[in-house]
Amino acid sequence: MLRRALAAFALISLAASGLPIAANAQSDSGQITITVTDAATKGPIVLARVMLDGPVLSSEYSGTNGAVKFTEVPDGIYRARVFSRGYQAVTSDSFEIINGRAVTVSVSLAKAEQLTIIGSVTVHSSATISSSTLSDASAQRKLSDTLADALNKISGVSVSTSSSDSDATQTVSLEGHDASQ
């Protein structure tokens, strides 16, 4: 009892003397805690990317409890952007840190919409064969003196003559085929 009286007397004496009394100083930095949960299950989302946007830019991943804590945050207006694989990204409304206040932001992420298969395309290999007939009016024939010359100018066709005689035997070969046939 005597100690309390002496403490009260000392406090009153200090106040009367005009000396400043120590007061709780207001801090100029605060704390932001952001908790990320699944909107459907209400369970925490681990490794969600949380980006703090304001006077200070910072980024962290949520822990096993789905929370991220930013400490010693300067006063100002902030927003939180949250991303996680398989979920829709979200940006919070603006919130303010004043006089070292602690702010808690709760974020619920909804699953990203999955694509629905509405059809499929199947591609098959194919080969097209075309043929053309050479006549006296064909462009290859007009550029060649003989039919053998004209045939020899077609890609994949070769014509060989056994001698220079006009009645000599000529062999027409198609590329990729047996010449004896």
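Biologist: What percentage of the residues of the protein count as buried?

Modeller: Please bear in mind that this is a predicted model. A residue is called buried when its relative accessible area is under 20%. The protein has 181 residues, and the share of them that counts as buried is 22%.

Biologist: How many helices and strands are there in the protein, and in which order do the elements run?

Modeller: The protein contains three helices and ten strands. Read from the N terminus on, the order of the elements is α-β-β-β-β-β-β-β-β-α-α-β-β.

Biologist: What share of the contacts with a separation of 6 or more joins residues 24 or more positions apart?

Modeller: Contact here means heavy atoms within 4.5 Å. Among contacts in the protein with a separation of 6 or more, residues 24 or more positions apart account for 43%.

Biologist: Let us turn to charged side chains. How many salt bridges does the structure hold?

Modeller: Side chains of opposite charge can pair when their charged atoms come close. A salt bridge requires a side-chain nitrogen of Lys or Arg within 4 Å of a carboxyl oxygen of Asp or Glu. The number of salt bridges in the structure is two.

Biologist: Why does Asp53 count as partly exposed?

Modeller: Partly exposed lies between the limits of under 20% for buried and over 50% for exposed. Asp53 falls in this class because its relative accessible area is 25%.

Biologist: Asp38 is buried yet has no salt bridge; which side chain of opposite charge is nearest?

Modeller: Asp38 is found in strand E1, and the residues it touches include Gly43, Tyr87 and Lys111. A salt bridge would need the nitrogen and oxygen atoms within 4 Å. The nearest side chain of opposite charge to Asp38 is 4.2 Å away and belongs to Lys111.

Biologist: Which backbone nitrogens does the side chain of Asp38 approach, and at what distances?

Modeller: The side chain of Asp38 reaches the backbone nitrogen of Ala40 at 2.7 Å. A polar atom of the Asp38 side chain also has a backbone nitrogen 3.1 Å away, that of Thr41.

Biologist: Is Ser62 buried or exposed?

Modeller: Ser62 is found in the loop between strand E3 (58-61) and strand E4 (67-74). Leaving aside neighbours within four places in sequence, its contacts include Ile45, Val46, Leu47 and Ala67. Because its relative accessibility is 2%, Ser62 counts as buried.

Biologist: Which backbone atoms does the side chain of Ser62 approach?

Modeller: The side chain of Ser62 comes to 2.7 Å from the backbone oxygen of Ile45. A polar atom of that side chain also lies 2.9 Å from the backbone nitrogen of Ala48.

Biologist: What is the phi of Leu47, and where is this residue placed?

Modeller: Although Leu47 is not a glycine, its phi is positive, at about 65 degrees. Leu47 counts as exposed because its relative accessibility is 57%. Its place is in the loop between strand E1 (29-38) and strand E2 (49-53).

Biologist: Which residues form a nonpolar patch on the surface together with Leu47?

Modeller: The accessible area of the patch is about 310 Å² together. Besides Leu47, the residues that form this patch are Val46 and Tyr61.

Biologist: Why does Lys42 count as exposed?

Modeller: Lys42 lies in the loop between E1 and E2 and has a positive phi of about 65 degrees although it is not a glycine. The limit for exposed is over 50% relative accessible area. Lys42 is therefore classed as exposed, its relative accessibility being 56%.

Terms used:
Residues are numbered from 1 along each chain as its sequence is written. This is a predicted model: local features need pLDDT of at least 70, side-chain atom pairs count only at pLDDT 80 or more; totals for chains, interfaces and linings use all residues. Side-chain values use heavy atoms; hydrogens and water are left out. Patches are made of residues with over 30% relative accessible area and no salt bridge: like charges are joined within 9 Å, nonpolar side chains (Val, Leu, Ile, Met, Phe, Trp, Tyr) within 5 Å. Accessible areas come from the Shrake-Rupley method with a 1.4 Å probe; for residues, only the protein chains shown count as cover. Helices (H or I, at least four residues) and strands (E, at least two) are DSSP runs, numbered from the N terminus. Buried means under 20% relative accessible area, exposed over 50%, partly exposed in between (1.4 Å probe, protein chains only). Lys and Arg count as positive and Asp and Glu as negative; His and the chain ends are not counted. A polar contact is a pair of N or O atoms within 3.5 Å; within protein, one must be able to donate a hydrogen and the other to accept it, and residues adjacent in sequence count only if both atoms are side-chain atoms.
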